[in-house]
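Work through the exercises below with the sequence and the model in view, and try each task before reading its solution.

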Amino acid sequence: MAYDRGAEIIRTALKLMASPYPRPGELQLSYWSEFNLEKGIWTIPAERMKMRHPHRKPLVAPVVDLLRDLKEKTDGKTRVFPSLTGRDRPISENTMNQALRRMSFSRDEMTSHGFRASASSLIKESGHWNPDAIEAELAHIGGNQVRRAEYWDERVRMVEWRAGELELVELGA
């Protein structure tokens, strides 16, 4: 189901909830300075992470393209998802959920955090990935930066696989 009643900012936010499946607050409060679009890496600072450790997320090419397009549309703003009502404020924490309600999804059917839960379940059920790599990608592994870094290459492949799965859904395959 498409979301076409709101700004491009909200549509992009919903797409990014599906891939790279961050926690809603991590995305909602993000700044452009956290993204290295050339290298395809998003570094989320410790203060926004549940475990209070910085977290790097690999970004696949379609996500980088979405972000580049959005950056042009938010010209001059420091926030990735600026509020439409305030220059340096983010979208509200309920904006994505409200968009899902307008798309006719009830609270019981889908929430912004539900994208992350779905991604986690599908990745685990695929049987393709080391459980520790999955936990590292979801930022469930605590403060051991070295351990998380050990799984970087597998996490990149995992995110690419997930993006391919989403493309199949989008194409109706």
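**Exercise 1.** Find the bridge partner of Thr43 in strand 3, and then describe how the strands pair.

Solution. In strand 3 (residues 55-58), the partner of Thr43 is Arg56. Strands here are DSSP runs of E with at least two residues, and helices are runs of H or I with at least four, numbered from the N terminus. Strand 2 and strand 3 run antiparallel and are joined by four bridges, where pairing requires that DSSP finds at least two bridges. On to the other pairing: strand 1 (residues 35-36) is also antiparallel to strand 2, through two bridges, and Asn36 has Ile41 as its bridge partner in strand 2. Four residues lie between strand 1 and strand 2 in this hairpin, and Gly40 in the turn has a positive phi of about 70°.

This is a predicted model, in which local features need pLDDT of at least 70 and side-chain atom pairs count only at pLDDT 80 or more, while totals for chains, interfaces and linings use all residues. Residues are numbered from 1 along each chain as its sequence is written, and side-chain values use heavy atoms, with hydrogens and water left out.

**Exercise 2.** Determine how helix 1 and helix 5 pack, and which residues make the contact.

Solution. The axes, which are lines fitted to C-alpha atoms over the stretch in contact, with angles from 0 to 180 degrees between N-to-C directions, lie 8 Å apart at an angle of about 25° for helix 1 (residues 8-18) and helix 5 (residues 112-126). Helix 1 is therefore roughly parallel to helix 5, a label for angles under 35 degrees. Leu14, Met17 and Ala18 of helix 1 meet Ser112, Phe115 and Arg116 of helix 5, contact meaning heavy atoms within 4.5 Å.

Technical notes. Parallel < 35°, antiparallel > 145°, perpendicular 65-115°, else oblique.
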